[in-house]
Amino acid sequence: MINQQWLHTFLTLVEVGHFTQTAEKLYMTQPGVSQQIKKLEEQVGVPLLNRIGKRFELTREGEILYQFGCKRSQEEDQLYRELRFDDPHKGECRIACSGAMATFLYPHLLKRQKIHSGLIVAVEAAPNERIIQSILKNVIDLGIVTQPSPSTELEYEPLGFDSLCLVLPSDYASQSLSFDTLEEVGFIDHPDGAHYADRLLSANFGEQFHSVEKLRKRGYINQINQILIPVSEGLGFTVLPEMAVRHFQHQSLLYVASLIVPIHDELFLARKKHRILPKRYDWFERKIKELLRKGLEKPNVPV
């Protein structure tokens, strides 16, 4: 590593052009300036100055080092400016949530980036546990989860509730719903399908429902915005959060069945307790809370 004090003396000497005046500017003696330049030359292993009487000129190596020093000085100035100024309209915002939530939130968050091009919106769709681990590892800064972890490093702010929906093709809206009907229709599975279906079907169909593995499968898709397409085509039923169902384009082709026992999840905004986020996150936190508290109301019937 180049000695920063010697480099600073060298840069000042080049800009001032005189050993005595450099010494005065740096509150040093002239021999002290000469000694530091000599030590710098010894450190880099090449002569930096051609001394001509009381004058000097830079060697080729001296010119290279001077340009290097000027560039480093500019970079340090820029670094200090960025450290002192927290720009609310610049930088990356890293957020994670479920796939259904990402489908709903992402278009709203992109509107902010469209206004402020210095922002980068990075949204990851992930399961609950992975979101929590990503926050703990500082991979993401904000997460929306349904099950808080016992970790004392995190804090959680309630956002609202998202209900699970039993969704069938619209042709079944006029029929009496039974478990036999569901077996006849068949299940459209997805990455969270088994978890959602097990909770909803066991609560509403009791002994008739044995396990998700025994359901008649009619298809599988791992893209959240595609899961309801086979349902709308009459090919099967599925279980999804209301947030995902609500934003499907062809609502008239779906039938959301009424449930005897509604199933819902409470949503929390998770973050590290002692991690102060940059100001650019302020708008995103407010927007997420506004969108979810407006769109999600707590069910009247408990789980």
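Is Asn138 buried, partly exposed or exposed, going by its relative accessibility? In this predicted model, Asn138 comes out at 28% relative accessibility and so counts as partly exposed. Asn138 sits in the loop between H6 and S5, and its phi is near 65 degrees, a positive value in a residue other than glycine. Tyr27 is another such case: its phi is near 55 degrees, again positive without being glycine. This residue belongs to the loop between helix H2 (19-25) and helix H3 (30-44), and with a relative accessible area of 79% Tyr27 is exposed.

Helix H8 is worth a look of its own. Its 13 residues reach 17 Å from first C-alpha to last, close to the 18 Å expected at 1.5 Å a residue. Buried in H8 are Gly193, Tyr196, Ala197, Leu200, Leu201, Asn204 and Phe205. Seen down the helix axis, these buried residues fall within an arc of 105 degrees, so they line one face of H8. They pack against S6, helix H7 (179-185), strand S7 (187-189) and S9. Just past the end of H8 comes Gly206, with a positive phi of about 50 degrees.

Conventions
Residues are numbered from 1 along each chain as its sequence is written. This is a predicted model: local features need pLDDT of at least 70, side-chain atom pairs count only at pLDDT 80 or more; totals for chains, interfaces and linings use all residues. Side-chain values use heavy atoms; hydrogens and water are left out. Helices (H or I, at least four residues) and strands (E, at least two) are DSSP runs, numbered from the N terminus. The expected span of a helix is 1.5 Å times one less than its number of residues. Buried means under 20% relative accessible area, exposed over 50%, partly exposed in between (1.4 Å probe, protein chains only). The arc is that of the directions from the helix axis to the C-beta atoms. Contact means heavy atoms within 4.5 Å.
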